[in-house]
Amino acid sequence: MTVGARRFHDETAHTPYSVRTSGHQLEWDIKPFPFKVYTELPAVALPRDVDVLATPTLEALARAAPPAERLTLPALTALLYYTAGVTKKKTYPGGGEVLFRAAASTGALYQTEVYVVAGDVDGLAAGLYHFCPGDFALRRLREGDVRGALAGAAADATLARRAATLVLSAIYWRNTWKYQARGYRHLFWDSGTMLANALAVGEALGLAPRLVTGFVDAQVNRLLGLDPTREAALELVPLGPEGPAAPALGEMPAIAHDVMPLSSDEVDYPELREIHEASRLDSPAAVEAWRHGTRPPPREPRGPLLALPEPPRASRPLGEAIQRRGSTRRFSHAPLSAAGLAAALWAATRPVAADVPDGLVDVYVIVNAVEGVAPGAYAFWPERGLETIREGDFRRESAYLTLEQPIGGDAAAVLYFLAPLDAILERWGERGYRLANLEAGIAGGRAYLAAYGTDFGASGLTFYDAEVVRFFSPHAAGRDAIFVTALGRASGARDGVLLSNTIPSPPRRP
Ligand SMILES: Cc1cc2nc3c(=O)[nH]c(=O)nc-3n(C[C@H](O)[C@H](O)[C@H](O)COP(=O)(O)O)c2cc1C
């Protein structure tokens with residue numbers, strides 16, 4: 001077993017004691033700016049008449065559209081908008097304004113950045129671009145076709161042939177400002193919710209998206225011109241049809257374009273940098289070897305299973321579901337239908353087309369109010385149903401487990417993602433920690449899509465680590481709590497203002 005990720009996980013666990021004694025205070029004067037702004041590079045404006053994405057949400061999650069013959073700029077634009085775009089704005093008393101994005105993100109801090117390695121995109125010159133959701137524009141960081149460099153770094157020749165690849169990164173300080181070192185987990189939860197959107201939208205557009213988690217970190221960071229003490233590449237998503245292979249490239253010359261500082265001061269969290277470093281891969285050969293990890297052996301239910309109905313047949317267009325999405329801030333106690341719960345569980349546990357196996361994370365459920373399902377604690381078995389752990393009214397416990405937040409108790413059902421972390425670390429080393437958190441983030445993001453694609457709401461939640469495992473034990477013994485998503489019906493007015501398929505004007509520096 002590896003030590004780094006296990007120790008990091010334990011040291012960043014929330015307990016009632018740690019939360020009460022943390023002493024961490026938010027320094028509003030240095031709250032990081034939520035957009036990365038390249039100050040010297042011209043903007044390449046993206047077309048503003050974004051595709052409405054009419055494919056029903058559950059359909060997009062179920063199967064791929066026929067393959068697109070070309071990757072076009074409008075398709076890339078839709079993918080960027082529905083993955084990382086600004087969809088909503090809320091103005092607070094006193095004048096503060098938050099521009100909310102297509103995907104949920106811890107604390108609305110939006111540390112995930114998106115880059116595009118474009119090779120063969122109709123309407124866009126080959127190059128490496130950064131996407132800024134603030135002014136809805138790309139900025140070219142490198143000219144020419146650099147797909148070969150990415151393919152080499154990822155030990156995956158198909159990346160030199162696919163039309164383009166998205167690279168998701170995270171700027172640490174944007175999240176650690178509030179969440180300190182535990183923010184490392186958030187990098188994967190939040191890029192996971194974005195990937196849930198990117199994968200669904202990519203499938204709806206026939207772009208055959210695939211998740212690539214293994215790559216030589218230093219090479220990809222250098223390609224993007226990142227300062228690896230502050231920002232790191234996390235995941236790659238190749239898109240579009242394969243064409244002739246781009247030429248192989250050796251080590252790329254360094255680039256260092258000027259960017260606006262996020263705040264006048266920053267706090268470093270060395271333990272975050274260290275665990276990320278410890279989970280790096282150093283060579284294409286190491287990437288290939290790492291990909292051969294296998295998932296831990298499957299478990300079997302211990303008791304009878306309660307079958308859930310089929311998810312609803314009809315669902316909202318995917319574009320509309322993403323635009324309407326917003327974390328529910330308050331749930332009423334109104335029940336969900338069993339089909340609604342089934343849709344969220346089905347979506348959360350869909351396979352992920354990736355370079356490594358999925359199925360690392362198990363789903364446990366607290367049911368508070370679901371028609372036809374007795375309130376209680378359950379383990380979910382994909383395609384089979386719910387195994388009862390114990391029946392009872394657990395609203396109080398669920399609020400407690402989710403860091404004493406009322407929404408954990410008011411929700412109709414709460415999904416707890418748990419994983420056999422030690423077994424995962426044995427198979428994938430320290431980088432397995434990224435995989436467990438990422439898979440749970442994608443699952444949570446897909447649960448959001450199923451909720452807003454049908455007729456209810458959702459919210460990601462943080463939690464008391466050990467208390468969650470204890471609650472579901474002995475069934476969950478030996479597992480670790482990775483992430484939580486609450487489902488239910490919103491109480492009162494919706495948050496924010498829905499901007500119907502419009503893109504807000506560029507943000508101004510405060
Ligand atoms: C991984 C994750 C964890 C979250 N944890 C909490 C939480 O503990 N409590 C809460 O009220 N909201 C939580 N949220 C919701 C975020 O606050 C919300 O996504 C963010 O404010 C952006 O707003 P939106 O989702 O409405 O667009 C979480 C969201 C994510 C993606």
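Predicted model: local features only at pLDDT ≥ 70, side-chain atom pairs only at ≥ 80, totals over all residues.

User: Let's start with β5 and β7: how many bridges join them, and do they run parallel or antiparallel?

Analyst: Five bridges join β5 to β7, and the two run antiparallel. Strands here are DSSP E runs of at least two residues, helices are H or I runs of at least four, and both are numbered from the N terminus. Two strands pair if DSSP finds at least two bridges between them.

User: Is β7 enclosed or open?

Analyst: Largely enclosed by the rest of the structure, because six of its six residues are buried. Buried means under 20% relative accessible area, exposed is over 50% and partly exposed is in between, with a 1.4 Å probe and protein chains only. Gly127, Tyr129 and Phe131 point one way from β7, while Leu128, His130 and Cys132 point the other way.

User: What's the strand order in the whole sheet?

Analyst: It's an open sheet of six strands, β1-β8-β7-β5-β9-β10, with antiparallel pairing. β1 (43–45) and β10 (231–242) are at the edges with a single partner strand each, so one side of each has no neighbour in the sheet. The twist averages 30 degrees from one strand to the next, with angles running from 0 to 180 degrees between N-to-C directions of axes, which are lines fitted to C-alpha atoms (for helices, over the stretch in contact).

User: Which helix packs on that sheet?

Analyst: Helix α4 (residues 73–84), which touches β5, β7, β8, β9 and β10. Contact means heavy atoms within 4.5 Å. The direction of α4 makes about 165 degrees with that of β5.

User: And how do β9 and β10 pair up?

Analyst: In the antiparallel sense, over nine bridges. Val167 has Leu236 in β10 as its bridge partner.

User: Switching to α1: which of its residues are buried?

Analyst: Ala5, Arg6, Phe8 and His9. They cover an arc of only 165 degrees around the axis, which puts them on the same side of α1; the arc is that of the directions from the helix axis to the C-beta atoms. Among the elements covering them are α7 (183–204), α16 (432–453) and β17 (480–488).

User: What does His9 touch?

Analyst: Leaving out residues up to four places away in sequence, His9 touches Arg185, Leu421, Tyr433, Asp465, Asp480, Ala481 and Ile482. His9 counts as buried at 2% relative accessibility.

User: Last topic, the ligand. Which residues come nearest?

Analyst: Of the 22 residues around the ligand, the nearest are Arg325, Ser327, Arg329, Gln405 and Thr462. A residue counts as near if one of its heavy atoms lies within 4 Å.

User: What are the distances for Ser327 and Gln405?

Analyst: A polar side-chain atom of Ser327 is 2.5 Å from an oxygen atom of the ligand. For Gln405, a polar side-chain atom lies 2.7 Å from a nitrogen atom of the ligand.

Key. Residues numbered from 1 in each chain as written. Heavy atoms only, no water. Polar contact = N/O pair within 3.5 Å; in protein donor to acceptor, adjacent residues only side chain to side chain.
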